[in-house]
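Take a look at the sequence and the structure, and then read on.

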Amino acid sequence: MSYERFESPVNSPPSAFRRRLSLYWQLVRGDRPVGWLLLLWPTWWGLWLGAGGVPPAWTLLVFTAGVWLTRSAGCVINDYADRWLDPQVARTRDRPLATGAVSGREALLLFAALMLVAFALVLTLNSLTVWLSVVGVFLAASYPYLKRYTYLPQAYLGLAFGWGIPMAFAAVQGTVPPLAWVLYVANIFWATAYDTWYAMVDRDDDIRMGAKSTAILFGDLDLVAVGVLYALFLGGLALVGRQAGLGLPYWTALGLAVLLVAYEFVLARRRDGDGCFRAFRHNHWIGAVVFAGIALALEMPAPLAG
């Protein structure tokens, strides 16, 4: 599809340039920060727990910027992989790659540029973090293709979205302790749950096009399955709190997280697209509440022995 379809010959170069930037901004979901927050909160959980409080400023900057860069790159490669599907789905048919406003080659170049910047930032950290980042690149690049071959792309998304947790511990401790892996597994359950809400929005279109998802796999038991996933997530967070010796602020936050999860089932109880999408977006509040609990608990002085 030609570029001229979108730009008149009388457009000035600056206007055309701004149009391209606007398309790239849409492609990386710059106007939709919820996905970035869903990736940021678990990474910050790991940073604060690994550091026992506020992490070093440069490490915090690297991970915060890296989250935005890798999430943006993930959106680009996701749309590239789904360019056969997105034009047929009501929610995604207007995305830049689906309409042809951005070419596949442009998308791959943008993906490479974003990942290279993120990798350059990681290179300022220790070698273990650098090696773990290579695994993160593989997870981010391969995730979008899973929906063609398995009903569990949402679980794989959890692997990718939570990889910042072991990386965060590695960056501040030089190792990845068992606590990090417990938190990582809990995050996999969480991501699978909230991305199932997301998949429920597109379930009919996905079935028609032959795509796969947990929403299709769970079928009429979708609400039950999502409930089990959230229970495993919250149980994992309870294990984290116990293992890390976190105090009252954390357990209070975990109680609030339970209420927030319950509210999502109120939103999605009819399984309609709008309700399920609202339930998906609501998860960033859960991430924020858990982070607040961790941060406040770590600020409290430890009780005196004896």
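## The core and its aromatic rings

The largest nonpolar core has 92 residues, and Trp45 and Tyr230 are those with the most contacts inside it. Such a core is a set of buried Ala, Val, Leu, Ile, Met, Phe, Trp, Tyr and Cys residues joined through side-chain atoms within 4.5 Å. Helix α9 (residues 178-201) gives the largest share of this core, 14 residues. Helices here are DSSP runs (H or I, at least four residues), numbered from the N terminus.

A word on the source: this is a predicted model, in which local features need pLDDT of at least 70 and side-chain atom pairs count only at pLDDT 80 or more, while totals for chains, interfaces and linings use all residues. Residues are numbered from 1 along each chain as its sequence is written, and side-chain values use heavy atoms, with hydrogens and water left out.

Leaving aside neighbours within four places in sequence, Tyr230 is in contact (heavy atoms within 4.5 Å) with several residues, among them Trp190, Tyr194 and Trp197.

The structure holds 20 aromatic pairs. Rings of Phe, Tyr and Trp (its six-membered ring) pair if their centres lie within 6.5 Å; planes under 30 degrees apart count as stacked, over 60 as edge-to-face and the rest as tilted. Two of these pairs are set out below.

| Pair | Centre to centre | Angle of planes | Class |
|---|---|---|---|
| Trp190 and Phe233 | 5.3 Å | 10° | stacked |
| Tyr198 and Phe277 | 6.1 Å | 40° | tilted |

The pair of Trp190, in helix α9, and Phe233, in helix α12 (residues 222-244), links parts of the chain 43 residues apart. Tyr198 lies in helix α9 and Phe277 in helix α14 (residues 273-281), so their pair ties together parts 79 residues apart in sequence. Trp190 is buried at 0% relative accessibility, whereas Phe277 is partly exposed, with a relative accessible area of 25%. Buried means under 20% relative accessible area, exposed over 50%, and partly exposed in between (1.4 Å probe, protein chains only). Trp45, Trp190, Tyr194, Tyr198, Phe233, Phe277 and Phe280 form one aromatic cluster.

In helix α5 (residues 104-122), the buried residues are Ala107, Leu110, Phe111, Leu114, Met115, Ala118, Leu121 and Val122. They cover an arc of only 125° around the axis, which puts them on the same side of α5; the arc is that of the directions from the helix axis to the C-beta atoms. Arg105, Leu109 and Leu116 are exposed on the other side of α5.

Finally, Thr43 sits in helix α2 (residues 34-51) and is buried, with a relative accessible area of 2%. The side chain of Thr43 reaches the backbone oxygen of Leu39 at 2.9 Å.

Methods. Helices (H or I, at least four residues) and strands (E, at least two) are DSSP runs, numbered from the N terminus. A polar contact is a pair of N or O atoms within 3.5 Å; within protein, one must be able to donate a hydrogen and the other to accept it, and residues adjacent in sequence count only if both atoms are side-chain atoms.
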